[in-house]
Amino acid sequence: MTFAELAAFAGRNPFLSLTFVGLTVAIIANEIANLLSGIKRISPAELTALINRDNALVIDLRAAADFAKGHIAGSKNVQMSQFDPENKALAPAKTLPVVLVCNVGQTASIAAKRLRKAGFTHVAVLEGGIRAWLAAELPVVKGR
């Protein structure tokens, strides 16, 4: 395909062309924002290593019923509506690695930004959330 053919296609299909350009710009902007946020996205394997090596604090932001159905061993359940980075119980964890977990990673990203703003230095989000953990066939604990 030549540039002339591409330009002709764009001229015949302006809506598709603008949509493509808009989506491309949005994806690039999102990736740059993620890189500059200071929040690391980690895989389930990296989380396992972080727990074993650095005694990471894992905070599960899912609803209590979902948490009871299965969660990462040693994780603490805190609903997003009750999540407070200024909580005295979290103060000692400011220097520890803190990993946030939700269903797919969206809610955890919001909470991670709040932790970074509150002065936490080692904040990470489990990429893909608990679904990625389960897809990797890693163990979960049931109950509270």
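Colleague: Which residues of strand β5 (residues 123-126) are buried on one side, and which on the other?

Modeller: A strand is a DSSP run of E with at least two residues, and a helix is a run of H or I with at least four, each numbered from the N terminus. Buried means under 20% relative accessible area, exposed means over 50%, and partly exposed lies in between, for a 1.4 Å probe and protein chains only. Both faces of β5 are covered in this sense. One side has Val123 and Val125, and the other has Ala124 and Leu126.

Colleague: What pLDDT do local features need in this model?

Modeller: Residues are numbered from 1 along each chain as its sequence is written, and side-chain values use heavy atoms, with hydrogens and water left out. The model is predicted; totals for chains, interfaces and linings use all residues, side-chain atom pairs count only at pLDDT 80 or more, and local features need pLDDT of at least 70.

Colleague: In what order do the five strands stand in the open sheet?

Modeller: Strands of a sheet pair through backbone hydrogen bonds, either parallel or antiparallel. Two strands are taken to pair if DSSP finds at least two bridges between them. In this open sheet the pairing is parallel, and the order is β1-β5-β4-β2-β3.

Colleague: Which residue of β5 does Arg41 stand opposite?

Modeller: Strand β1 (residues 40-42) pairs with β5 in the parallel sense, over three bridges. Within this pairing, Ile42 has Leu126 as its bridge partner. Arg41, for its part, stands opposite Val125.

Colleague: What is the bridge partner of Val99 in β5?

Modeller: Strand β4 (residues 98-101) runs parallel to β5 and is joined to it by three bridges. Leu100 stands opposite Val125. For Val99, the bridge partner is Ala124.

Colleague: Over how many bridges do β2 and β4 pair?

Modeller: Both faces of β4 are covered, with Val98 and Leu100 buried on one side and Val99 and Val101 on the other. Leu57 stands opposite Val98 in β4. The sense of the pairing of β2 with β4 is parallel, and the number of bridges is four.

Colleague: Which hand does the β-α-β unit of β4, helix α5 (residues 106-117) and β5 have?

Modeller: A crossover is right-handed if the path from the first strand over the helix to the second runs clockwise when the strands point away from the viewer. By that criterion, the unit made by β4, α5 and β5 is right-handed.

Colleague: Is Asp60 buried or exposed?

Modeller: Asp60 lies in strand β2 (residues 57-60). Contact means heavy atoms within 4.5 Å; beyond its neighbours within four places in sequence, Asp60 has contacts that include Phe67, His71, Lys76 and Val101. With a relative accessible area of 1%, Asp60 is buried.

Colleague: What volume does the largest pocket have?

Modeller: On a 1 Å grid over the protein atoms alone, a pocket is an open set of points where a 1.4 Å probe fits, with protein on both sides within 12 Å along at least five of seven lines, and lining residues have an atom within 4 Å of a point. Grid points are joined across faces, edges and corners, and the volume is the space filled by probe spheres set on them. For the largest pocket, this volume is about 240 Å³.

Colleague: Which of the 15 lining residues are closest to the centre of the largest pocket?

Modeller: α2 (14-36), α5 and β5 each supply at least two residues of this lining, and α5 gives the largest share, four residues. Closest to the centre are Asn34, Arg41, Gly105, Gln106 and Ser109.

Colleague: What distance separates the C-alpha atoms of Gly105 and Glu127?

Modeller: Gly105 is found in the loop between β4 and α5, and its relative accessible area of 4% makes it buried. Leaving aside neighbours within four places in sequence, its contacts include Arg41, Val125 and Gly129. Gly105 and Glu127 are 22 residues apart along the chain, and their C-alpha atoms are separated by 5.8 Å.
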